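Student: I have a model open and I'd like to learn how to read it feature by feature. Can we go through it together?

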Amino acid sequence: MKTESRLEKILASGNLAVTSECGPPRGALPEKVKEKASLLKDHVDAVNVTDNQTAMVRMSSWAAGVIIKQMGMDPILQMVTRDRNRLAMQSDIIGAYSLGINTMLCLSGDHPKFGDHPMAKGVFDLDSVQLVQMVKKMRDEGKFQGGADIQNPPKMFVGAAANPFADPFELRVMRLAKKIKAGADFIQTQCIYNLDKFEKYMKMVCDRGLDKQVYILAGITPMKSAGMARYMKNKVPGMDVPDEIIKRLAGVSKEEQPEEGIKIAVESIQRLKEVNGVHGFHIMAIEWEEKVPQIVEKTGLFPRPVI
Amino acid sequence: MENFEPEIVAFCCHYCAYTAADMAGSKHIYYPANVKIIRVPCTGKVDTIHIMKAFEKGADGVYVAGCLEGDCHFKNGNTRAKYRVEQVQNILKDLGWEIERLEMINMSAGMGERFASTALEFTKKIKQLGPSPIKIINTEKHQQVAD
Amino acid sequence: MITAEQKPLKEIIEYISPYDRILLVGCNECVTVCAAGGRKEVGLLASALNLNCLKQGRTIDIKEITLERQCDPEYVEELVSEIDRADAILSMACGCGVQTIAERYKEKPVFPAVNTKFMGASVSQGIWAERCQGCGDCLLGITGGICPVARCSKHLLNGPCGGTSNGMCEIDPDVDCAWRLIWERLKALGMEKRYEEIMEAKDWRPAGGGGPRKIVREDLSL
């Protein structure tokens, strides 16, 4: 074991891992964090805590992570390179680790243009690959990015994201290889709706033997409605939503669409469980956290193993 | 201002509007004497600064008359002129002038009547707008001095 | 070249409103090429400022001069004979030109008439696009001649991010994804392998992170 991370232990034990996501509130509302996290409590191994997601100001990822930790759950600290330079990131990593957070996800982050402060200067001192490198170096070599020694280095289980669907497709596996080379221990993917394409991607991943070097958690987001599916298809960059999904949702009445969305998510997980190289699921139910337990139960991923 | 007779500068392309003006003349079609014609080899030769200088020197209105779109003798001189007219309109707008004081007009060499009617309409429009903002303030000044 | 765009007239007028005699100085280099502050634009701005004053019933004395190179003290010296007849200087050069004038003529206020934009290249007539950020440590040799620092919206050195769609950047469908361009070039050059080499965290000191930059060439100093 490289770390004390529960996620690492679950994955190392050969179990399919389940993670979910909690977006911190846009205000000093610790109760909100608790409310959302408690919906997920017994059904997931760890909870991603987003870092100013969609470039909107929110409670800091590590602060919300600590609240979740205090509830006896395991937060995954998300960190984007958009908002901080390498000094600030390293100090936050040490700080978070000092407060009991031992798993993190390294991202570059959405461009400020998309958020509520489009006039802000994006920092991007590092990119996500370099952030992975830095966290690994802090852990394995006990050194800061600048080269100085760290006293009691933070031992983070390091994750990175992968989008199997963005262009150019041929680069996607190569970029994953780059993130693994940089030191990623686990990968959480973009929401998967085009299962055929994802399977093709995973085949390429396995052909290169990358599945033996990293744990891949398949991203699942249940659709609430046909409207949401259309929005995801047309408005969210790098998202691949096949027309069949939209048709299927539109084919039932409005009241039944949420149920149909859950069904699609459950079926996707059942199918992806069989795919070589898939080590677990990252269920991102956007403002719909209460549905996560149901999905976990219906797919036979409950109860979660006790490690 | 009831007797206001505007001074209008018309940059006319040799290949169309200028010839059309000629035709209007030879056919004895009336057009107002307010319009002072400047013949240019192509409206593409009219630069923004020429239009600006016309206003600086006291023109109440300016128009650039070139060939019909797609018919420029030099391929795209009239298109360039159109963009330049827009550029000066933007400057006028920023300065708080009426952009209607400047216009791009297209016609062919055979349109003697269109030349005359355009001159008439434009003159009418400028009469309604009144004298150039430069002139108004200067007239007021003169009056103050006289008072 | 350095590109620039004229400031809104309102802002320029505000700057110079307390003054009656203006020295309006253009530059014959970059800003002439990008049609922001050359001889022609100097004439046009002078005319607009003049029109504005005439409308207010006052006169303004604008002297138009376009220097060969406003960022060079040698040429800025040419203003000596004009400077006493001006209350203020309005410069249509890039920020380098404005500062060269400010440094030489300390007793006169100098105002910028353009916004300096970026180092760019001409894409086609009337269109300029950013190509270089002067990071001081050129990467073009390993990125197939396309700069990720200047052309990737997130300056990713190991791109592309997950936001590319149809080969375009997530911030704007009219902006090429720099990493798509880099990848296509590397492929065309048979250098695909290079893509998988991790580009290490960049040292931003030569890019300006080390304070204002300077080049000293002793062999050329007098």
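Predicted model: local features only at pLDDT ≥ 70, side-chain atom pairs only at ≥ 80, totals over all residues.

Student: Let's take a helix, then. Which residues of H8 in chain A are buried?

Tutor: Buried means under 20% relative accessible area, exposed over 50%, and partly exposed in between (1.4 Å probe, protein chains only). In H8, residues 226-235 of chain A, the buried ones are Ala226(A), Met228(A), Ala229(A) and Met232(A). Look down the axis of H8(A) and these buried residues fall within an arc of 160°, so they line one face of the helix; the arc is that of the directions from the helix axis to the C-beta atoms.

Student: What sits on the face of H8(A) turned away from the buried side?

Tutor: There you'll find the exposed residues Tyr231(A), Asn234(A) and Lys235(A). As for the buried residues of H8(A), their cover includes strand S6 (186-191), helix H9 (243-250) and helix H10 (257-273) of chain A.

Student: How many residues are in the largest nonpolar core?

Tutor: A nonpolar core is a set of buried Ala, Val, Leu, Ile, Met, Phe, Trp, Tyr and Cys residues joined through side-chain atoms within 4.5 Å. The largest one here has 71 residues, and Leu272(A) is one of those that touch the most other members. Contact means heavy atoms within 4.5 Å. Leaving aside residues up to four places away in sequence, Leu272(A) touches Ile192(A), Leu195(A), Phe198(A), Ala218(A), Ile220(A), Val278(A) and Phe281(A). A second, separate core of 50 residues includes Met52(B), Val31(C), Ala36(C) and Cys53(C).

Student: What about the backbone: where are cis peptide bonds?

Tutor: One joins Asp167(A) and Pro168(A), with omega about -20°. Pro168(A) is in the loop between strand S5 (157-162) and helix H6 (169-182) of chain A. Another joins Phe302(A) and Pro303(A), with omega about 0°, and Pro303(A) lies in the segment after helix H11 (292-298) of chain A.

Student: And phi: is it positive or negative at Phe124(A)?

Tutor: Positive, near 45°, in a residue other than glycine. Phe124(A) is buried, at a relative accessible area of 3%. Ala35(C) also isn't a glycine and has a positive phi of about 55°, but Ala35(C) is partly exposed, at 46%.

Student: How many salt bridges cross the interface of chain A and chain C?

Tutor: A salt bridge is a side-chain nitrogen of Lys or Arg within 4 Å of a carboxyl oxygen of Asp or Glu. That rule finds two across this interface, including Glu196(C) with Arg208(A) at 2.6 Å, N to O. Chain A and chain B, on the other hand, have no contact, and their closest C-alpha atoms lie 26 Å apart.

Technical notes:
Residues numbered from 1 in each chain as written. Chains lettered and ligands numbered in written order. Heavy atoms only, no water. Helix = DSSP H or I, 4+ residues; strand = E, 2+ residues; numbered from the N terminus.
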